[in-house]
Amino acid sequence: MSTQHSFHIPVMGLGFTMETPIKVARFGISSVISIIEDELMERLRELYSPWVNESFIPITTQVEDWRAKRIQSYLNLVNRIVKQQVETLRNLPFALGNEIVKYFELLPENSAAKVLYQKMMQLEEGETKQQLQQQLRSEIKAGSIDVNIMAKVDRNNYTKAGEMLPKEFSDALSSLRGFAQSDLESSVVFSAGYNPRLYGYIDSFSDFFPDAVGYLKKKIVLKVSDYRSALTQGKILAKKGLWVSEFRIESGLNCGGHAFATDGLLLGPIMEEFKSNREALAAELWTMCNQALTAKGIAVFETQPALRITVQGGIGTANENAFLLDHYQADATGWGSPFLLVPEATSVDESTLNALATAKPDDYYLSYASPLGIPFNNFRKSSAQYQLAARIAKNRPGSPCYKKFLVANTEFTEIPICAASRQYQHLKINQLKDRNLSTEEYEQQLAEVTEKDCLCEGLGASMLLSEGLKPAHNLKAVTICPGPNLAYFSGIFTLQQMVDHIYGRLNLLNSVKRSNFFVNELKMYVKYFDDELKKNRNSLTTKKMRYLQLFQANLLQGIAYYKELIPSLRNEAERYLEEMKEELNQFEYTLKNVQMPVLAEV
């Protein structure tokens with residue numbers, strides 16, 4: 001895995017980063033592909049097979065284990081393309097405009113390879129320069145081609161006769177099998193919580209265990225939103241002899257896509273907890289892992305394997321990026337949403353790209369559009385939002401449901417259906433009509449039902465449209481799920497520009513006033529807390545009351561932590577720090593003066 005860059009591009013949607021390794025891996029930039037949507041991968045395999053002079057042979061649904069084989073085949077193709085690209089790049093002359101020059105120009109200034117490159121560029125032509133160029137060629141490494149599986153997106157699958165297939169053919173398990181059987185030497189990022197049957201399936205594949213010298217061909221990355229979750233899941237896997245190579249910490253709210261809010265725990269205190277406990281955590285997991293490996297008769301880790309800590313969500317400036325790396329000793333950061341404005345890195349259709357490039361802060365909002373019932377960061381100017389409104393206006397709410405990845409509702413049917421489907425919304429609306437609700441209650445509940453949107457089609461359509469491919473069933477509406485941090489970027493950028501912004505060589509922020517990213521996240525949590533108060537005020541239970549009290553206490557502790565942290569922000573201007581103090585004081589005052597709901601006397 002390339003560690004020359006100190007950032008990676010996280011998974012975005014279904015299709016937005018599905019081509020990203022083909023676009024950026026040759027420059028040493030790691031990225032993550034979503035591997036739930038096998039149909040999109042099959043379309044891309046057809047598109048890219050000619051790149052390596054291969055004929056495309058479709059893997060149809062008649063083929064045994066077709067889903068895993070589609071995923072495996074696409075990942076193998078991406079791997080071959082990237083290897084070919086790197087070899088081509090490595091052999092180019094060091095001439096202005098060539099990709100070998102771009103490779104080194106993109107690197108951070110403190111990279112050993114970048115220092116060597118700058119030294120080489122200052123030399124006159126001759127033997128010494130030639131020797132340094134050969135040394136630099138050997139430094140060229142591809143970024144990691146990692147994959148993501150949302151653990152909870154794990155639909156059971158059925159035969160045409162309606163019989164449930166064995167659990168190995170569920171969506172998440174077959175996705176894992178596709179990756180495990182691929183040629184990649186990279187990581188699977190598990191996100192969206194703990195799935196016992198998925199975690200119980202990992203040890204079926206030898207690539208996740210160390211070889212005789214402790215090398216892991218396939219690594220495990222857990223995306224988590226707090227330390228407790230990391231510790232719990234890390235132990236579950238260690239007891240199976242499975243090493244977690246990285247904990248990827250993501251802000252619960254200041255992120256793209258689904259937002260898994262913590263109980264008011266803020267990113268700064270979470271990072272502090274990881275920093276304080278990192279060595280003890282690694283040692284404990286190493287001991288547990290080796291005990292399990294010994295019991296299985298597998299070679300143990302003779303030395304403690306690396307445990308990376310990375311962080312993502314709402315990072316917007318080079319100073320913020322550097323602070324996370326320096327103060328918390330993070331191994332890398334994740335930059336997601338800003339790369340949606342970089343066609344050289346992600347797959348966004350022209351219309352959506354232009355809408356993002358000219359968007360206003362209010363265009364980004366936390367919605368309940370996901371059929372999973374989890375808050376979902378959304379974009380008001382997407383074509384999917386216009387389609388949703390048009391369907392409601394025509395009294396035809398809901399979406400046709402072809403892909404069924406998010407089927408989870410059994411309120412009206414034995415076999416799960418999707419809450420965004422026309423079938424479910426029709427049944428649910430009829431139920432609401434029969435309940436004799438007041439007009440206000442009916443309108444509120446109706447809006448909650450019809451807000452649900454089809455993510456299976458919407459999160460993949462943009463990639464197809466950007467490549468000039470026709471989406472299946474002509475479903476062209478695009479759903480896009482940037483984090484609210486994208487409000488501070490306007491325009492369309494080159495890869496060089498965005499990387500230069502991350503490393504502080506260029507400033508791409510627009511003129512919208514922007515607080516420190518810790519404060520921005522706090523602001524989101526205070527609003528979320530206020531919404532939770534309103535939601536629970538009329539149906540308060542003892543359990544909910546304790547949840548709200550804990551949420552408030554965690555937020556206040558987080559504010560106290562940030563106040564103490566301010567002197568450590570040495571690279572920021574005095575006025576910036578004063579404004580940060582003022583904002584923290586305002587949020588503290590607001591939270592301390594919240595009128596908490598009172599439990600009704602029984």
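1. Let's start with burial. Of the 602 residues of the protein chain, 55% count as buried; here buried means under 20% relative accessible area, exposed means over 50%, and partly exposed lies in between, with a 1.4 Å probe and protein chains only. Please keep in mind that this is a predicted model, in which local features need pLDDT of at least 70, side-chain atom pairs count only at pLDDT 80 or more, and totals for chains, interfaces and linings use all residues. Residues are numbered from 1 along each chain as its sequence is written, and side-chain values use heavy atoms, with hydrogens and water left out.

2. Next, the overall build. The protein chain has 20 helices and 10 strands; these are DSSP runs numbered from the N terminus, with helices being H or I of at least four residues and strands being E of at least two. The radius of gyration of the protein chain is 25 Å, close to the 25 Å that the globule rule gives for 602 residues, so the chain is as compact as a globular protein of that length. That radius is taken over C-alpha atoms, and the globule rule is 2.2 Å times the number of residues to the power 0.38. Along the principal axes, the C-alpha atoms fill a box of roughly 85 × 65 × 55 Å.

3. Now look for the barrel. A closed barrel of 8 strands runs 1-2-3-4-5-6-7-8, with parallel pairing; two strands pair if DSSP finds at least two bridges between them. From one strand to the next, the twist averages 30 degrees. Angles run from 0 to 180 degrees between N-to-C directions, and axes are lines fitted to C-alpha atoms, for helices over the stretch in contact.

4. Which of its residues are buried on each side? I145, V147 and I149 are buried on one side, and D146, N148 and M150 on the other. Strand 3 pairs in the parallel sense with strand 2 over 4 bridges, and S34 has N148 as its bridge partner. Strand 3 also pairs in the parallel sense with strand 4 (residues 187–191), over 4 bridges, where V147 stands opposite V188.

5. Further along, strand 5 (residues 219–224) and strand 6 (residues 244–250) pair in the parallel sense over 5 bridges. There, L222 stands opposite F247 of strand 6.

6. Strand 9 (residues 364–367) pairs with strand 10 in the antiparallel sense over 4 bridges, and S367 stands opposite F376. Strand 10 (residues 376–379) is covered on both faces: F376 and N378 on one side and N377 and F379 on the other are all buried.

7. Finally, helix 4 (residues 99–106) has I100, V101, Y103, F104 and L106 buried. These buried residues pack against helix 3, helix 5 (112–121), helix 6 (127–139) and helix 17 (495–502).

Key: Contact = heavy atoms within 4.5 Å.
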